[in-house]
Amino acid sequence: MSDSFSLPLRPLIEKRDRPDTLPVDIAQINARWGSFRDVNEDTLRAKIEEEKNRGPYSDDDEGDKAAEDMDTTEQLEQLYKRRAEILNFAMQAHMETLFALDFVSLLLTKHTDRQAETSMSAFLKQVAPLGSLNSEIVNPPPKSEAVAQDVKTVSRGWRMQNFNAAANKLLKSATRLETEVASESKYWDEVLAVKEKGWKVCRLPRERQALGVQYGFMEATPIFRDRGLAALRRADDGSLILDKGLAPQKTRTVRVRVKHHDKFTGCSKVPGSSPAVDSIESRILQARDTVYEEELFHELVREARIMGSQGVTTRQNLVRFPISEEQEVLLDLVDADQDTDDSKMESTEHDVLADALSHSIRILLAYAHRQNLRRRTQPPPPLSQKRRHTPEYQLLRPIMAYLQHSSHVRSLETFMTDIYQVLQVAGLKCEFQAAPFSSVHLSRVHPSIPKVEGLVQQFLMPFESTFSGNLATPQSSFKVRIRTNPAAPPFGTLYDISVNLPQYPDVQPPSRIGSQREAAAALTHFAMLDIVSAIATHGTKLSKERPRKDTLAWESPFPHHGELLALSDDDRGHKLIVSLSQNELMVETFPRSGPEGLRWSPGDPSPAVHSQTWKLDQTGSASLIDFITEVSREW
Amino acid sequence: MHELLLFASVPAHQHHELLQQLAGLTAMQPRHRVERRLVFKAHRQPGLTNTRVGASQDLQGAELQRLNKMLNGGMFYTQVVGPVAQAEFGAKPASSGGAADVYMSGMEDKLSTPAYCYEDQSWKLEFRDIPEAGTRSAVTARLMASAALPKGDITIPMNAWGYSFVTEYVVEGDVFVLNDIVIFLHRVLLYPSGAQESHGPRRQLPAYRELSPLERTGSYVLQAAITVQDGGNQEMMKTASQHLFGLREQLKSAVRLEQADRLSLDTRAK
């Protein structure tokens, strides 16, 4: 384009029609530099150097140098002085302008008095009457030929100079325009590249001329939603700058740590600092991640504040919640490039747990965003003065409920396994089934709800696990339901135990059991009651089968204490005590001094104490029934 | 409750483009909505308007006054609105009883086209007053109330309440929600005139393509509405109309939202 059409901008410099004659030149040189004898190459070179060094702004350079030497107070003084000078000059110029204005106005009042009067100063109006000054054109005296020639030459020179300056300016702006075009097209190429990657590029709402890229989340809380928009600015060379305004440039992320017995035993993976390739895309991604993480932490703190009753505490930059007696989880917002203090990490035992938690809270926030979209697109309620409160997102509550529930279920399962093993070692036939998280049914999700949301929804509902099993006597059974409600009160975990003991139809557990220990105690008690009744039934069965005189028939007047009594032929009483715990089952028999005497005196030498213990890891000992049969025959 | 409205006419060729623009503005996908609308007219039941007239000294109790006002006040047309799915048009009526189940289980493709069951149709009563006269602000404001009605045949309860069936039509359109504003881009479809049924709502729906738009050119109506809980609260009404004006400003380059002619929205029965 530029080749096809070129316009000469610089004025053509004609050869001078009349070159200066040599004598004139010589006369000039003589006048300026003195005699030719003094001119030699060295002096000329020195002069040229000097001129070059001084440059066009030599005066300013000197001033700068001086300024460097001065200290601050002097600089300040000088600054004030200069400013005063500038003000003086300005005022003087102002005054002179006003004088000129007055003069011209007064002159003009002769012809157009109304108009000119307005620009006259009040003082002049008072002093000089309007139209008291006139002007006339005076014919200047004719100039001499030489003067006219001079004026012509000078004006020609001026014009040449102006043409040159204009040409320079035009050429300079042409080059400037060229670089501008190059950088502008680079900028737009990059903007297009961003757009083609799928980012939403739009005009900034407050700054209509600037372009912005939207990377935030539409459904986030308004402050974070508005932060998801950054301007795409152009650097001088045309490269793209992501301008997030006042938001910090650092990558921040929520870190999850697990503390076990006051020692850090797990930490979630913190994404590394910004990757080596510093593309605009990676910067947008980093900005998006940061805004998501900050929103996450904001919501965590907001939720933690309403959960004070459940042991959740917040510090300025920390949320802490307990998951069991010895474990707690800490959440904080950290810079990604900050060195994770590995020295403080005692072990990496719970890293998996921490990672799982950190993924969970992020998934839950994404779910909350989806719920927001759902809520937003429903027809709104009528406008009223009541402000709609945005409920806290469920981030911590489901996690806490899940961890709490699974810890309860696990400990109860351990307990049940132990007890049942003890019972089995003692030769009692019984078993139990555990159905942890029986409330979670992924197939029950409503088909209109997207799969992902249905999946998360299952974990926001109350958790329920059930344990059921039979006991030593055939018809007796029990069932335990463990419930944990993440969202609505009553918070915490409740045990709902129901038992079916045909021998003791009146015995029912308390309706609400809150702690694991109480539940275990209740279950142990029921198992013990059941063993007592099993012994009693065994005794009656035995005596019916073989009604022999020397067999004792055990009766249980105090089943809740685990005591059985029997009376032998010679009116000697016998007592049998059953005690059951998680680790062992112990059965002891004592002779009693008589039917009246409740206590067997310790001084009485008694060779007849029998005792048998079944322990958890014991094998190959006689069964409980055999032992009972044996002790029943003793007398 | 009060309702504040602005309307705009959208020519058919602009419909698609405007859908895109609204989807962008409200950051949501349009919700398609097809509604049956039955028009009922209130009539005075003979023998119910026998309250005393005149005798101004005879002070009436507040309750009685209100009752009188309700009974002798203006009579209005009301609409009964029932949402339907587009697939339900032209579907064969569901036969009742166990035979249907046998039939359904045998035919797989029958499941994909749900039958229209008039007995299960849910209804909503929508009452709209004539727009307020002489309001200074440039929006249409009117008193409104909605109530859920029992499912199934609605004419019997409506007749019992003193309403008689007049006519029915179908409204088809898309709904957007922008904060408090519900934007409904819709048009009215008429049933084919040939098979005029007996006097009452249709028990079966004709095929969807047999419906013809009321406006021959196929143009749509854009309706922006805000409901306000307390119409007496001037501040809330002002806020609501400010919101509507904000929307009008945002859509200025696309459509011209304006106040509707008051008398064309007159619902009084004469």
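**Helix α6 of chain B**

I looked up the buried residues of α6(B) and found B:M236, B:M237, B:A240, B:S241, B:L244 and B:L247. I count a residue as buried if 20 or more other C-beta atoms lie within 10 Å of its own, as exposed if 12 or fewer do, and as partly exposed in between, with C-beta atoms placed from the backbone. Seen down the axis of α6(B), these buried residues fall within an arc of 130°, so they line one face of the helix; the arc is that of the directions from the helix axis to the C-beta atoms.

I then looked at the face turned away from the buried side of α6(B), which carries the exposed residues B:Q234, B:E235, B:K238 and B:E249. The cover over the buried residues includes β1 (2–10), β5 (140–149), β6 (163–178), β7 (181–190) and β9 of chain B. Helices (H or I, at least four residues) and strands (E, at least two) are DSSP runs numbered from the N terminus.

I checked the length of α6(B): its 17 residues reach 24 Å from first C-alpha to last, close to the 24 Å expected at 1.5 Å a residue. The expected span is 1.5 Å times one less than the number of residues.

**Source of the model**

I note that this is a predicted model, in which local features need pLDDT of at least 70, side-chain atom pairs count only at pLDDT 80 or more, and totals for chains, interfaces and linings use all residues. Residues are numbered from 1 along each chain as its sequence is written, and chains are lettered from A and ligands numbered from 1 in the order in which they are written.

I recorded 6 helices and 10 strands in chain B. Of its 270 residues, 19% count as buried.

**Sheet in chain A**

I found an open sheet of 4 strands in chain A, in the order β10-β11-β12-β13, with antiparallel pairing; two strands pair if DSSP finds at least two bridges between them. The edge strands are β10 (432–435) and β13 (493–500) of chain A, each pairing on one side only. I noted 4 bridges joining β10(A) to β11 (residues 463–470) of chain A. The bridge partner of A:A435 in β11(A) is A:T466.

Methods. Contact = placed C-beta atoms within 7 Å.
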